[in-house]
Amino acid sequence: MPDYKVYYFNVKALGEPLRFLLSYGNIPFDDIRITREEWPALKPTMPMGQMPVLDVDGKKVHQSIAMSRYLAKQVGLVGADAWEDLQIDTVVDTINDFRLKIGVVSYEPDDEVKEKKLVTLNNEVIPFYLEKLDDIARENNGYLANGKLSWADLYFTAILDYLNYLTKTDLVANHPNLRQVTLNVLDIDQIKAWVEKRPKTEI
Ligand SMILES: N[C@@H](CCC(=O)N[C@@H](CS)C(=O)NCC(=O)O)C(=O)O
């Protein structure tokens, strides 16, 4: 088995899907958490100057979704064929679009602009994505693709805390099918064990 290291800040956010997937597969990994003070010196050593980064036997790779897909293959959470993989990928890309739309407003530096953007985000964008994703979860009986557990479910559950933090809400509270996705994931023994032992962080 390769030697895995996950480099990220001391937060869940984009690093957590990698940690969930490795934990799901009972794959040991070094969970390396870089402080804001350490980061400037380390940044030039990372492939694109960002994290998360996965080190596989000394080779560093980046991009959280590509790395998650790679790990999903190692732990048996991809689709049974190209069509099923496409279903998973469309959902993961949609979750990522949703994250970016929330992020761009949350990190808007101009308060006046932010207030205006928040109205559209809260009244239109968030309800739109949650309804669509909840419909997908209903059609797939509590999963996000192909009616069975896949890395899309782990990906969503792993970054939900971050999205809840940014939106200051519980995004799945009124979306029972989407909530069921998270319950299904959090009920997996390996995920339960990881959630129990991981460093406690707000995001
Ligand atoms: N598309 C990349 C985005 C990575 C990213 O935005 N990383 C941020 C933290 S979430 C980062 O490294 N920020 C520090 C910097 O850019 O110096 C991914 O999904 O991995």
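Helices (DSSP H or I runs of at least four residues) and strands (E runs of at least two) are numbered here from the N terminus. By that numbering, proline 52 lies in the loop between helix 2 (39-42) and strand 3 (53-56). This is a predicted model, in which local features need pLDDT of at least 70 and side-chain atom pairs count only at pLDDT 80 or more, while totals for chains, interfaces and linings use all residues. Residues are numbered from 1 along each chain as its sequence is written, and side-chain values use heavy atoms, with hydrogens and water left out.

**Annotated domains**

- The UniProt record, an unreviewed entry, places "domain: GST N-terminal" at residues 2-79; UniProt positions follow the numbering used here, feature names are shortened, and annotations may be inferred rather than shown by experiment.
- Residues 2-79 are 32% helix and 26% strand, with 23 Å between the end C-alpha atoms.
- The annotation "domain: GST C-terminal", also from an unreviewed UniProt entry, covers residues 81-203.
- Residues 81-203 are 74% helix and 0% strand, and the end C-alpha atoms of this span are 34 Å apart.

**Packing of helix 1 against helix 6**

- Two packed helices are described by the angle between their axes and the distance between the axes.
- Helix 1 (residues 16-24) packs on helix 6 (residues 151-167) at an angle of about 130°, and their axes are 8 Å apart; axes are lines fitted to C-alpha atoms, for helices over the stretch in contact, and angles run from 0 to 180 degrees between N-to-C directions.
- The two helices, helix 1 and helix 6, are therefore oblique to each other, given that angles under 35 degrees count as roughly parallel, over 145 as roughly antiparallel, 65 to 115 as roughly perpendicular and the rest as oblique.
- Helix 1 contributes Glu16, Pro17, Phe20, Leu21 and Tyr24 to the contact, and helix 6 contributes Trp151, Leu154, Tyr155, Thr157, Ala158 and Ile159; contact means heavy atoms within 4.5 Å.
- Classified by type, the residues in the contact of helix 1 with helix 6 are nine nonpolar, one polar and one charged, where Ala, Val, Leu, Ile, Met, Phe, Trp, Tyr, Cys and Pro count as nonpolar, Asp, Glu, Lys and Arg as charged, and the others, Gly among them, as polar.

**Buried residues**

- Arginine 198, in the segment after helix 8 (189-197), counts as buried because its relative accessibility is 13%; buried means under 20% relative accessible area, exposed over 50%, and partly exposed in between (1.4 Å probe, protein chains only).
- Not counting residues up to four places away in sequence, arginine 198 touches Lys12, Glu16, Phe20 and Asp161.
- Leucine 171 sits in the loop between helix 6 and helix 7 (176-186) and is buried, at a relative accessible area of 4%.
- Apart from neighbours within four places in sequence, leucine 171 is in contact with Phe98, Ile102, Ile126, Leu130, Leu160, Leu163 and Asn164.

**Backbone exceptions**

- Most residues other than glycine have a negative phi, and most peptide bonds are trans.
- The peptide bond from methionine 51 to proline 52 is cis, with omega near 10°.
- Asparagine 26, in the loop between helix 1 and strand 2 (29-34), has a positive phi of about 55° although it is not a glycine.
- With 59% relative accessibility, asparagine 26 counts as exposed, and its C-alpha atom is separated by 29 Å from that of leucine 171, 145 residues apart along the chain.
- Asparagine 141, in the loop between helix 5 (111-139) and helix 6, likewise has a positive phi, near 55°.
- Asparagine 141 counts as exposed, at 62% relative accessibility.
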